[in-house]
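Work through the exercises below with the sequence and the model open. Each task is followed by a solution in steps.

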Amino acid sequence: MLKVVLMGVAAIFLSMLAGNIRREYGIAIALCAAAAISAYGLSRISLIMERIQAFENAIGLEHEYMAVLFKMVGIAYLTQLAVSLCGDAGQGAIASQIGFAGKVSMLIVSLPVISSLVKTIGELLS
């Protein structure tokens, strides 16, 4: 984690310095740093996946529910990253529309789970 923090702080300073020369340079440095930090985080995700699979097996949870959860977390992460980058670039309108599209995407991904929940509640009430 220390590497990520140091890389982030260094990227901030480089982005600020380059941004004083040309704004596009600062944005490009921020984008590269975000990509590198994201790659580091994704490389560590296998550890999380192993733990969650053990959790699924221990409690007998269906894989479909965890797959939806991971998709939603991925959508949320990518949406937040894009919104932040657009905000840093001064494109607030685009950022808000990306945020809206991310929310709609999460709702679409969660529809099978919502449908299953509604069906289960209907069976319980019958």
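**Exercise 1.** With which residue does Glu24 form a salt bridge, and how far apart are the closest N and O atoms?

*Solution.* The model is a predicted one, in which local features need pLDDT of at least 70 and side-chain atom pairs count only at pLDDT 80 or more, while totals for chains, interfaces and linings use all residues. Residues are numbered from 1 along each chain as its sequence is written, and side-chain values use heavy atoms, with hydrogens and water left out.

Step 1. Apply the criterion: a side-chain nitrogen of Lys or Arg within 4 Å of a carboxyl oxygen of Asp or Glu.
Step 2. The partner of Glu24 is Arg22, with the closest N and O atoms 3.3 Å apart.
Step 3. Count such pairs: the structure holds 1 salt bridge.

**Exercise 2.** Over the face of which residue does Arg22 lie?

*Solution.* Step 1. For Arg, a charge sits over a ring if CZ is within 6 Å of the ring centre and within 35 degrees of the ring normal; for Lys the atom is NZ.
Step 1. Arg22 lies over the face of Tyr25, at 5.8 Å from the ring centre.
Step 2. Glu24, at 46%, is partly exposed.

**Exercise 3.** Is Ser15 buried or exposed?

Step 1. Ser15 is buried because its relative accessibility is 18%.
Step 2. List the contacts of Ser15 (heavy atoms within 4.5 Å): leaving out residues up to four places away in sequence, they are Gly26, Ile29 and Ala30.

**Exercise 4.** Which residues does Met72 touch, not counting residues up to four places away in sequence?

*Solution.* Step 1. Met72 belongs to helix H4, residues 63-88.
Step 1. Met72 touches Met106, Val109 and Ser110.
Step 2. With a relative accessible area of 25%, Met72 is partly exposed.

**Exercise 5.** How many helices and strands does the chain have?

*Solution.* Step 1. There are 5 helices and 0 strands.
Step 1. Along its principal axes, the C-alpha trace spans about 70 × 35 × 15 Å.
Step 2. Buried residues make up 16% of the 126 residues.

Key: Buried means under 20% relative accessible area, exposed over 50%, partly exposed in between (1.4 Å probe, protein chains only). Helices (H or I, at least four residues) and strands (E, at least two) are DSSP runs, numbered from the N terminus.
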